[in-house]
Structures are given as structure tokens and as C-alpha cells.
Amino acid sequence: MAEALRAVKGMNDLLPPDSARWEWLEDTVRSVMRRHGYLNIRTPIVEPTALFVRGLGEVTDIVEKEMYSFEDSLNGDRLTLRPEGTAGVVRAVVEHSLLHEGGRRLYYTGAMFRHERPQKGRYRQFHQIGVEVLGFPGPDVDAEVILLSRALWHALGLCEGSDLRLELNSLGQADERQAHRAALIQHFEAQAERLDDDAKRRLHSNPLRILDSKNPAMQALIDSAPQLMDFLGEASRAHLDAVRRVLDAAGVSYRLNPRLVRGMDYYNLTVFEWVTDRLGAQGTVCGGGRYDGLVEQLGGKPAPGVGWGLGMERLLLLLEELGLQPPRAVPDAYAIVPSTEALAPAMVAIDALRSAGVSVLMHPAGKDGPASMKAQFKKADASGARVALVFGADELAQGMVAVKPLRGEGQGAAPGAGPQAAQVLRPLADPQAWATELLPS
Ligand code: ATP
Ligand code: MG
């Protein structure tokens with residue numbers, strides 16, 4: 001036998017039955033987005049490397065050490081597997097002049113790639129859901145995207161506040177960050193011997209990034225650093241206050257966290273994260289904020305933006321941790337086809353039932369034809385279907401199919417447990433006439 005090949009480290013297959021949980025999340029996302037008027041956008045997985053270097057900032061963890069970049073062997077182009085979704089969406093919005101007629105509310109889902117050390121909640125291919133609202137400057141949309149994320153938690157059965165906590169900060173505007181930056185450099189320079197290698201390197205190129213360090217040995221030094229909050233001017237404060245007023249009125253609890261800086265350079269004003277204590281070091285499920293300079297930085301006519309991205313794996317891990325899962329998907333009916341002769345008429349009837357909205361599972365035949373009735377009934381029971389459709393020779397001879405209840409009446413009856421309603425015969429030639437009987441009441 002040839003040696004079996006394996007998936008790339010840190011990149012996972014999504015298999016049934018687990019994939020049903022992914023579909024549940026995706027279905028829920030679609031319906032929440034529809035309710036909020038957000039439209040779907042899909043951009044390529046591969047982008048020019050320059051997009052991320054320019055968009056996220058050269059001195060960021062992602063650009064410095066996490067990107068899958070390569071040269072196109074045919075033409076030498078520098079390309080990168082997208083590590084996040086915002087830069088690509090903004091590129092597409094600029095490229096296609098989507099803001100020509102006003103602002104846009106967009107959302108996406110898809111695979112992202114970062115070369116990190118794989119562990120629970122941290123992978124090299126992972127998946128994000130994200131929203132990007134472009135063209136609206138006001139604090140109302142900052143609050144809107146946060147309320148939208150809360151609506152998603154609720155739709156999935158999560159309690160915001162206990163399962164997920166919101167942390168909020170403001171990064172102010174460029175000039176305010178400039179003043180803060182000078183104070184930061186002074187603070188860190190005074191204790192240069194306590195800086196780790198990353199911090200030393202970033203001290204003069206991007207000292208704000210030091211605040212995003214995950215090194216525990218750096219935390220005390222970071223905690224005593226000057227806070228950006230103290231450098232905010234009146235307009236920035238007013239913006240934050242306006243966001244907070246909506247959150248307060250809507251009953252969203254949050255903690256102001258002056259240390260929250262996020263990992264990309266494109267943010268200004270509002271930044272936030274939804275965090276949980278249940279996933280260890282991978283506790284940030286969703287993060288986002290305002291990025292008013294990014295559209296212009298990527299070559300577009302200046303336009304404000306705000307959005308968030310969430311890690312689907314982390315959200316699904318949290319849902320699992322809390323025992324939250326989609327209702328089990330069971331077919332409405334299970335078709336039992338005991339003979340080769342019955343196959344064609346049975347499949348025609350099943351096809352018509354499916355067109356009428358009934359979910360039907362059919363027992364597949366083996367190399368030697370259909371399995372025994374007993375084996376088929378066992379599978380039918382295990383499938384969770386409410387009824388079996390029996391395409392037996394006697395029934396077919398009468399132009400009929402038998403509809404046989406598989407579940408006892410009343411709540412909590414075990415599969416196959418009585419008392420059961422008797423089976424009924426239905427005309428094979430006209431499945432539409434009785435399809436609705438098979439649908440869940
Ligand atoms: P972290 O601090 O955990 O590295 P991040 O700040 O790098 O996260 P973002 O760039 O803000 O993450 O991405 C948004 C979300 O995507 C994160 O909150 C997280 O849920 C998810 N995420 C980021 N990187 C990974 C990864 N390597 N594997 C799985 N999910 C990830
Ligand atoms: Mg990271």
C-alpha cells in the first residue's frame with residue numbers, strides 16, 4: 001500500500017457529524033446578518049503581499065512572523081494567503097468603487113492563514129466571520145456592530161456578560177497616539193533592561209505594539225505604562241461616550257480596558273474584544289474596531305470604516321464547552337426498499353417527496369442487491385426518522401407504499417417503543433397528495 005498522506009500541520013479537516021455544528025453557526029450568521037441588512041462579500045484567499053504589509057502595518061505580529069507568503073513561480077509576483085479579512089474587503093471596495101453611492105454594510109466568512117504554533121483554539125488555517133461597515137463616520141455604527149455581535153451570541157444561546165465579556169477602549173486619532181507614543185518610548189527607555197527582544201526591536205518603530213505583548217514577564221512594565229486614554233482630545237472622548245451611551249441603554253455590559261490595543265495598525269477610536277475565560281490563553285473570540293484611515297491608505301478616496309472579526313473555531317469550542325449545539329438533524333422518513341424490482345418506482349416516489357420538501361433517507365443497496373428487511377428497519381430506527389416508507393412487493397402490487405410510524409406516541413418514547421399507530425397505505429403514483437403528512441407538525 002502506498003504511504004498515506006496527511007493534512008498540513010495546523011490545518012484541519014471538518015468532518016461529519018462536527019460539520020453540522022459549522023453549518024448551524026453559518027445558518028445562524030446568515031439569518032442574523034439578513035436581519036441587520038448586511039450583505040455578503042467574497043474576496044480571494046490569495047492577495048498581493050503588499051496589501052497586508054501596507055494595510056496591517058510592517059511592525060505587527062502578523063506581518064513580521066505569521067504570513068504564508070510566496071513567490072508565484074510563473075511570474076515572480078509576491079503573494080500571501082490572507083491572514084485576516086479586512087484588508088481584502090477594503091481592497092475590493094476600493095477596486096470596485098462600492099462606496100460611490102454611499103456607505104456599505106458587508107459581512108464575510110472564510111479561511112484565514114497564519115503561521116502560528118498550533119494548539120487548542122489556535123491553528124494555521126482557521127476561519128473567521130467578519131463584518132465591515134464602510135462610509136459611516138458616526139459612533140452609532142460602532143455600537144451597531146457590537147449589538148450585532150451580541151445578537152449573534154443570543155441566537156446561538158450564549159449569554160453575553162457571563163459566557164462572553166466585552167472589553168472596550170479608544171485608540172484616539174493619529175496625533176493623540178503620537179503624543180502617547182512619545183510618552184511610551186520614554187517609559188520603556190527608562191527601563192530598557194526589562195524589555196524582551198520583540199519589545200526592544202519595536203521600541204522606536206512601533207511602541208504601541210509592545211502593549212499587545214503576550215509575554216507574562218513584560219506585563220508589570222506594560223501595566224505601569226502611560227495610558228492612551230489620558231491623551232485623548234475632546235472629539236475622541238465624545239465619540240467613545242456616544243458609543244457607551246448606546247451600549248448602556250441597550251444593557252450591554254462592558255469593561256473599559258485602557259490596555260486593549262489590538263494587533264493591527266489600522267485601528268483608531270473605538271476598539272473592542274469579546275473574551276471568555278473558558279478557552280485558556282485563546283480567550284479572545286471576537287475583536288474589532290474603527291479603521292478610518294485604511295481606505296485611503298489602500299488607495300481609495302478617504303472613507304471611514306468599522307468592523308470586527310471572530311474566530312469560528314474558538315466560538316464553536318466555547319459553544320461545545322457550554323453544551324450548546326444544534327438540534328439533531330433527523331430525516332422525516334426512511335425508505336425501505338426490499339427488492340431490486342422495487343428500486344425504480346421507489347426512487348421516483350422518493351424523488352417526488354423530496355421535491356415536496358420531505359427529507360428522505362434511502363437504504364443503499366449492496367453489491368448483491370438490497371439488504372434484509374431486518375437490517376433496513378434497524379437503520380431506519382437508528383436514523384431518528386418518524387416513519388418508514390416500505391416499498392414491499394405486496395404494496396407495490398396494489399400501486400401503494402406503506403407508511404409505518406417508527407416512534408411511539410407521546411413524549412420521550414424510545415425508538416420503536418409502542419403503542420404505535422398502525423401503518424397506512426398511500427398511492428405510489430401521487431406522492432404530492434400525501435407528502436405533507438410526513439412533514440413535522
Ligand atoms: P490572538 O491574540 O489570540 O492571537 P489576534 O488578536 O491575533 O488573536 P485577530 O487578528 O483580532 O486575532 O482575529 C480575530 C479573531 O480570529 C480572534 O479573536 C480569534 O478568535 C481568531 N483567531 C486569530 N488567530 C487565530 C488562529 N491562529 N487560530 C484560530 N483562531 C484565530
Ligand atoms: Mg494573533
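How many disulfides does a search of the whole structure find? The search returns zero disulfides, a disulfide being a pair of cysteine sulfur atoms within 2.5 Å. The structure is a predicted model, in which local features need pLDDT of at least 70 and side-chain atom pairs count only at pLDDT 80 or more, whereas totals for chains, interfaces and linings use all residues. Residues are numbered from 1 along each chain as its sequence is written, and side-chain values use heavy atoms, with hydrogens and water left out.

The sulfur of Cys159 lies 17 Å from the closest cysteine sulfur, that of Cys286, which is too far for a bond. Cys159 is partly exposed at 41% relative accessibility, while Cys286 is buried at 1% (buried means under 20% relative accessible area, exposed over 50%, and partly exposed in between, with a 1.4 Å probe and protein chains only).

Salt bridges were assigned where a side-chain nitrogen of Lys or Arg is within 4 Å of a carboxyl oxygen of Asp or Glu, and by this rule the count comes to 26. One of them joins Asp18 and Arg21, with an N to O distance of 3.3 Å; Asp18 is partly exposed, at 34% relative accessibility, and Arg21 is buried, at 9%. In another, the closest N and O atoms of Arg278 and Asp163 are 3.8 Å apart. Arg278 lies in the loop between strands E9 (268-275) and E10 (284-290), and Asp163 in the loop between helix H5 (139-156) and strand E7 (165-170), so this pair ties together parts that are 115 residues apart in sequence. Helices (H or I, at least four residues) and strands (E, at least two) are DSSP runs, numbered from the N terminus. Arg278 is partly exposed, at 39%, whereas Asp163 is buried, at 8%. A network of salt bridges links Asp61, Glu64, Lys65, Asp198, Arg201 and Arg202.

Helix H1 (residues 19-36) packs against helix H11 (residues 312-321) at an angle of about 110 degrees, with the axes 11 Å apart; the axes are lines fitted to C-alpha atoms, for helices over the stretch in contact, and angles run from 0 to 180 degrees between N-to-C directions. The two helices are therefore roughly perpendicular, a term that covers 65 to 115 degrees. Contact, meaning heavy atoms within 4.5 Å, involves Arg21, Trp22, Trp24, Leu25 and Glu26 of H1 and Met312, Glu313, Leu315, Leu316, Leu319 and Glu320 of H11.

Terms used:
Chains lettered and ligands numbered in written order. Parallel < 35°, antiparallel > 145°, perpendicular 65-115°, else oblique.
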